[in-house]
Amino acid sequence: MSGNVRLLDDTLAAAKAEGRSALIAYLPAGFPTVDGGIEAVKAALEGGADVVEVGLPHSDPVLDGPVIQTADDIALRGGVRIADVMRTVREAHEATGKPILVMTYWNPIDRYGVERFTAELAEAGGAGCILPDLPVQESALWREHAEKHGLATVFVVAPSSKDARLAEITAAGSGFVYAASLMGVTGTRESVSSQAEDLVRRTRATTDIPVCVGLGVSSPAQAAEVARFADGVIVGSAFVKRMLDAPDAAAGVEAVRALAGELAEGVRGQV
């Protein structure tokens, strides 16, 4: 069974052909429950997201700020497992036909087994993985299995990344490059870092694969701002915060759907 890296590539290319950035949403699996998380992912895609990153909840999420940490804690206390992450990917992809990635730290994959994880993700219809803490120089085993199973390997670059390091990272990656707009953790912010545009420019100088910007984007206006220079706009904490603030799970799902619609207008410059 081959994964959906081609679907991811085609989706990002289609957005570019429309003269816009892709909207990429992030939501953790198992939050507020496994079933509720699946409904939220489907709502984001139905509302206007082109791609979703499904987070694999982790007890020590070094890249994630307090909003996503809170959601991860709820999911972990609810007993979420890797099987639930795979089910989330499968059901969301089957319902929408859109590309779904998993965002995870390396330790859970290493413990689960690289071959097992990549095979199951491909079988579930996944498009690939974002691996924020896997060093490129230690990624050969992962990339071998990901390529065998038709999965993208998305690495994260940061404003601190030197040009030679950017070239090393982008040469090893596929699908897209995740450009962290600032040094720090995820979370909604009043403005998008001015470092983001420079990082996209420097990253593009090393690769032809799309460069998508995340960390700090939370409003349609910010999405429109980033869409001017990036191939994709990644939004996570804003979706999770809408769910945390909702009075119940059903309202949370509808809040996700509404925000996806607002951000979809933003990446099209309709704000």
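Guide: Let us begin with helix α12, residues 249–267. Helices are DSSP runs of H or I of at least four residues, strands are runs of E of at least two, and both are numbered from the N terminus. The expected span of a helix is 1.5 Å times one less than its number of residues. For the 19 residues of α12 this gives 27 Å, and the end C-alpha atoms are 27 Å apart, which agrees.

Visitor: On what conventions do such values rest?

Guide: This is a predicted model, in which local features need pLDDT of at least 70 and side-chain atom pairs count only at pLDDT 80 or more, while totals for chains, interfaces and linings use all residues. Residues are numbered from 1 along each chain as its sequence is written, and side-chain values use heavy atoms, with hydrogens and water left out.

Visitor: Which residues of α12 are buried, and against what do the buried residues pack?

Guide: Buried means under 20% relative accessible area, exposed means over 50%, and partly exposed lies in between, with a 1.4 Å probe and protein chains only. In α12 the buried residues are G252, V253, A255, V256, L259, A260, L263, A264, G266 and V267. They pack against β1, α2, α10 (220–227), β9 (232–235) and α11 (237–245), where contact means heavy atoms within 4.5 Å.

Visitor: What is found at the start of α12, and what follows the helix?

Guide: A polar contact is a pair of N or O atoms within 3.5 Å; within protein, one must be able to donate a hydrogen and the other to accept it, and residues adjacent in sequence count only if both atoms are side-chain atoms. At the start of α12, a side-chain oxygen of D248 comes within 3.2 Å of the backbone nitrogen of A250. As for the end, most residues other than glycine have a negative phi. The residue that follows α12 is G269, with a positive phi near 70°.

Visitor: How is the sheet to be read?

Guide: Strands of a sheet pair through backbone hydrogen bonds, either parallel or antiparallel. Two strands are taken as paired if DSSP finds at least two bridges between them. Here nine strands form an open sheet with parallel pairing, in the order β5-β4-β3-β2-β1-β9-β8-β7-β6.

Visitor: Which residue is the bridge partner of V156 in β7, and which residues does V156 touch?

Guide: V156 lies in strand β6, which runs parallel to β7 (residues 177–180) and is joined to that strand by two bridges. The bridge partner of V156 is Y178. Leaving aside residues up to four places away in sequence, V156 touches I130, P132, I169, Y178 and A180.

Visitor: How many salt bridges does the structure hold?

Guide: A salt bridge is a side-chain nitrogen of Lys or Arg within 4 Å of a carboxyl oxygen of Asp or Glu. The structure holds 18. One of them joins K42 to E39, with the closest N and O atoms 3.1 Å apart; both residues lie in helix α2, three residues apart, about one turn. K42 counts as buried at 17% relative accessibility, whereas E39 counts as partly exposed at 38%.

Visitor: Is Q222 buried or exposed, and which polar contact does the side chain of Q222 make?

Guide: Q222, in helix α10, counts as buried at 6% relative accessibility. A polar atom of the Q222 side chain lies 2.7 Å from the backbone nitrogen of S218.

Visitor: Where is there a cis peptide bond?

Guide: Most peptide bonds are trans. The bond from F31 to P32 is cis, with omega near 0°, and P32 is placed in the loop between β1 and α2.
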